[in-house]
Amino acid sequence: MILLTGFEPFGGETVNPSWEAAQLAAARLTADGEPAAAVQLPCVFGDSLQVLAEAVRAHNPSLVLCVGQAGGRPAISLERVAINVDDARIPDNAGNQPIDEPVRAGGPAAYFSTLPLKRSLQALADAGLPAAVSQTAGTYVCNHVFYGLMDLLARAGSAARGGFIHVPFSTSQAEVHQAPGLPVEDMAAALVIIARASAVAGADARVPAGAEH
């Protein structure tokens, strides 16, 4: 079972392409004989992790792809690391605005994604989809969920792979914001490719995808 999550709209937006893409990707995977489910998370610190934990218990997935919106980024972002910090530039949808607080008190400083990021990157490039490995998922609810997911899997001793993917604005949002965007259909196609790359056993590919700054 593959579990995909996306967020409700936030920050004044009326849609969130992460949720639209997660739903579409889950439907495509299921139609192709690969059982998948999509669950919407609230854009709220704390509550998002409760919904995520309930979804993991309910579906017992072998793979979890959490997806969020990174408006302004030009490509699919394969997030490498989640850090144990909540530092919200804007309030979440419930009005919470934690500053310099841990996601989990006493938890590790960081977790790395267990997705095959480089293999996924190569597969996305082969499909003609813009993608990059990202070294930061921010310090808002996306990083909160990324850290919470990896902490949940680690503490449960789960063999499930998990990680976080950021998607750009949708094309309609991009027109409004005069920023880079991507069709939701392309985002969904990217999630399907990442899910399939993550189903392959063995070591990740070794290709350069770092950053100088």
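## Sheet and helix packing in a predicted model

In β7, Ala131 is the bridge partner of Ile76. This pair belongs to a predicted model, in which strand β4 (residues 76–79) and β7 run parallel and are joined by 4 bridges.

**The sheet.** Both strands are part of an open sheet of 6 strands, ordered β2-β1-β3-β8-β4-β7, whose pairing is mixed. Its edges are formed by β2 (36–41) and β7 (131–134), each of which pairs on one side only. On average, neighbouring strands of the sheet are turned by 25° against each other, direction ignored. Strands of a sheet pair through backbone hydrogen bonds, in either a parallel or an antiparallel manner.

**Helices across the sheet.** Helix α1 and helix α4 each lie across several strands, as tabulated below.

| Helix | Strands it lies across | Direction |
|---|---|---|
| α1 (residues 17–31) | β1 (2–7), β2, β3 (63–69), β8 (161–167) | about 160° to β1 |
| α4 | β1, β2, β3, β4, β8 | about 170° to β8 |

**The α2–α4 contact.** Helix α4 (residues 141–156) also meets helix α2 (residues 47–59): their axes come within 10 Å and cross at roughly 40°. That angle makes α2 oblique to α4. The crossing of the two helices is right-handed. From α2, the contact is made by Ser48, Leu49, Leu52, Ala53 and Val56, and from α4 by Val141, His144, Val145, Gly148, Leu149 and Leu152. Classed by residue type, the contact of α2 with α4 comprises 8 nonpolar and 3 polar residues, with no charged residues.

**Helix α3.** In helix α3 (residues 117–126), the buried residues are Leu117, Lys118, Arg119, Ser120, Leu121 and Leu124. The elements covering these buried residues include strands β4, β7 and β8, together with helix α6 (184–198). Thus β7, an edge strand of the sheet, is also among the elements that cover the buried residues of α3. After α3 comes Gly128, which has a positive phi near 75°.

Terms used:
Residues numbered from 1 in each chain as written. Predicted model: local features only at pLDDT ≥ 70, side-chain atom pairs only at ≥ 80, totals over all residues. Heavy atoms only, no water. Axes fitted to C-alpha atoms, helices over the stretch in contact; angles between N-to-C directions. Parallel < 35°, antiparallel > 145°, perpendicular 65-115°, else oblique. Left-handed = near helix turned anticlockwise from the far one by under 90°. Contact = heavy atoms within 4.5 Å. Nonpolar A, V, L, I, M, F, W, Y, C, P; charged D, E, K, R; others polar. Pairing = 2+ DSSP bridges. Buried < 20%, exposed > 50% of the residue type's maximum accessible area, 1.4 Å probe, protein only.
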